[in-house]
Amino acid sequence: MKQVFAILTVSLVATVSLRAADAPPKMELKNKSTFEMENTSRNPFWPIGWKPAAQVSEPGADHAGPEIPTNAFLVSSITYQSSDRVAIINGRIMQEGQQFGLQMGNQTYQITVKAIEDGRVILARRDQEIVVSLRRK
């Protein structure tokens, strides 16, 4: 039994020493990448060094744009289910509280469906409230 233990110990030591000799050399980095934050309003999800083509306007800015006319929206259907209210606005199915973008010219406006009522939909954009009636044919 002592001989078996001695043989196992010698083989274990030999294996460990062979593995240490076969280990690859330690690698050192020649160039480490760095990143300095020059603008604190930069979106952290943009790639490093990327700059937007046009400045993104911040919410609450004075240049909020013109008021949106009600004829920019077409409410073609309103449906009441048990607790859900659904309307088809500009060909898209919308629920109360849902947000969508309205493209007018080269500008996109963020619109929120504030309420869906019988025969009309109330939309909100910043401080503007837009009431659009159901268009019946």
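These are my notebook entries on a few things I looked up in this structure.

**Entry 1, the model.** I noted at the start that this is a predicted model.

**Entry 2, salt bridges.** I searched for salt bridges and found two in the structure. In one of them E129 pairs with K114, and their closest N and O atoms are 2.5 Å apart. I then looked up where the two partners sit. E129 belongs to strand β7 (residues 128–133) and K114 to strand β5 (residues 107–117), so this pair ties together parts that are 15 residues apart in sequence. E129 is partly exposed, at a relative accessible area of 48%.

R120 and E117 also meet through their side chains in a salt bridge, with 2.6 Å from N to O.

I followed strand β2 (residues 85–89) into strand β3 (residues 92–95) and found them paired in the antiparallel sense over four bridges. V86 stands opposite Q95 of β3. The two strands form a hairpin, and two residues lie between them.

N90 is in the turn of this hairpin and has a positive phi of about 50°. I marked this down because most residues other than glycine have a negative phi. N90 is partly exposed, with a relative accessible area of 28%.

R126 is not a glycine, yet its phi is positive, at about 50°. I located R126 in the loop between β6 and β7.

Which residues touch the most other members of the largest nonpolar core? I counted 17 residues in this core, and those with the most contacts to other members are F73, I89, F100, I111, V113, V121 and L123. I then asked which elements supply it. Those giving two or more residues are β1 (75–80), β2, β4 (99–104), β5, β6 (120–125) and β7. The most comes from β5, which gives four residues.

Notes:
Residues are numbered from 1 along each chain as its sequence is written. This is a predicted model: local features need pLDDT of at least 70, side-chain atom pairs count only at pLDDT 80 or more; totals for chains, interfaces and linings use all residues. Side-chain values use heavy atoms; hydrogens and water are left out. A salt bridge is a side-chain nitrogen of Lys or Arg within 4 Å of a carboxyl oxygen of Asp or Glu. Buried means under 20% relative accessible area, exposed over 50%, partly exposed in between (1.4 Å probe, protein chains only). Two strands pair if DSSP finds at least two bridges between them. A nonpolar core is a set of buried Ala, Val, Leu, Ile, Met, Phe, Trp, Tyr and Cys residues joined through side-chain atoms within 4.5 Å.
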